[in-house]
Amino acid sequence: MAGLINDAKEWVADEIADIPKPSADLTDVHIKHATTSAVQLKSDVTVTNPYDHELPLIEITYFLRTNDKEIASGTLSDVGGVAASAATVTEVMSEVSYDFLINLMKEIGSDWDIDYDFDVGVKVNLPIVGEFNIPLHKKGCIKLPTLSELL
């Protein structure tokens, strides 16, 4: 009897492993808009739905850091859904004061580049399973415009 139960467990595990899962991808963080008072940072999250029905997106959370200092963080709620067998792109944007970035530059260097770690969690609602989190991580470098470039 124990052998039958173990066989059943293995069969279920194999079947679940073969089920397609939603996936997501993250673009590099870049500057969308800059003024003398703030910089608007943007990244795109692409969520792909392998199922033949709409996939609800519950929320997207993000944390942008450099040298263990938080630059920006937030949660996007009610971001809609992903159509059946399709992909959806959602913009993740945040505004950071230029004063904060200048102070950050004084601490980490004068090359006007900010090396960052960007962590994003995409929470979707899977049928039967429930909430499913897709973790994403991206490392990169943001080149800040100088004040003379803004004027």
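The lining of the second largest cavity has, by class, seven nonpolar, no polar and no charged residues, where Ala, Val, Leu, Ile, Met, Phe, Trp, Tyr, Cys and Pro count as nonpolar, Asp, Glu, Lys and Arg as charged, and the others, Gly among them, as polar. Please keep in mind that this is a predicted model, in which local features need pLDDT of at least 70 and side-chain atom pairs count only at pLDDT 80 or more, while totals for chains, interfaces and linings use all residues. Residues are numbered from 1 along each chain as its sequence is written, and side-chain values use heavy atoms, with hydrogens and water left out.

The residues that line this second largest cavity are Val39, Leu41, Ile71, Leu101, Ile114, Ile142 and Leu144, and the space inside comes to about 30 Å³. On a 1 Å grid over the protein atoms alone, a cavity is a set of points where a 1.4 Å probe fits but cannot get out, a pocket is an open set with protein on both sides within 12 Å along at least five of seven lines, and lining residues have an atom within 4 Å of a point. Grid points are joined across faces, edges and corners, and a volume is the space filled by probe spheres set on the points.

What classes of residue make up the lining of the largest cavity? There we find eight nonpolar, two polar and one charged residues, with Leu41, Lys42, Ser43, Tyr62 and Phe118 among them. Strand 3, strand 4 and strand 7 each give at least two residues to that lining; helices (H or I, at least four residues) and strands (E, at least two) are DSSP runs, numbered from the N terminus.

Let me step back to the whole chain. The protein has three helices and nine strands, and along the sequence the pattern reads α-β-β-β-β-β-β-β-α-β-β-α. Of its 151 residues, 29% are buried, meaning under 20% relative accessible area, with exposed over 50% and partly exposed in between (1.4 Å probe, protein chains only). Among contacts (heavy atoms within 4.5 Å) between residues at least 6 apart in sequence, 67% join residues at least 24 apart.

Now to the core. In soluble globular proteins, nonpolar side chains tend to be buried together. A nonpolar core here is a set of buried Ala, Val, Leu, Ile, Met, Phe, Trp, Tyr and Cys residues joined through side-chain atoms within 4.5 Å. Which members of the largest core touch the most others? Of its 33 residues, these are Ile71, Phe118, Val120 and Val122. At least two residues of this core come from each of several elements, including strand 5 (69–77), helix 2 (98–108) and strand 9 (130–143), and strand 8 gives the most, with seven residues. Leaving out residues up to four places away in sequence, Ile71 touches Leu41, Leu64, Arg65, Thr66, Val96, Phe100, Leu101, Leu104 and Ile114.

Thr66, one of those neighbours, belongs to strand 4 (residues 55–66) and is buried, because its relative accessible area is 2%. Its side chain reaches the backbone oxygen of Asp115 at 2.5 Å.

Asp44, in strand 3, is likewise counted as buried because its relative accessible area is 17%. The side chains of Asp44 and Lys42 are joined by a polar contact of 3.0 Å, that is, a pair of N or O atoms within 3.5 Å, where within protein one must be able to donate a hydrogen and the other to accept it, and residues adjacent in sequence count only if both atoms are side-chain atoms.

Finally, two loop residues. Asp68, in the loop between strand 4 and strand 5, has a positive phi of about 65° although it is not a glycine, and is exposed, with a relative accessible area of 79%. Asp78, in the loop between strand 5 and strand 6 (81–82), has a positive phi of about 50°, again without being a glycine, and is exposed at 74% relative accessible area.
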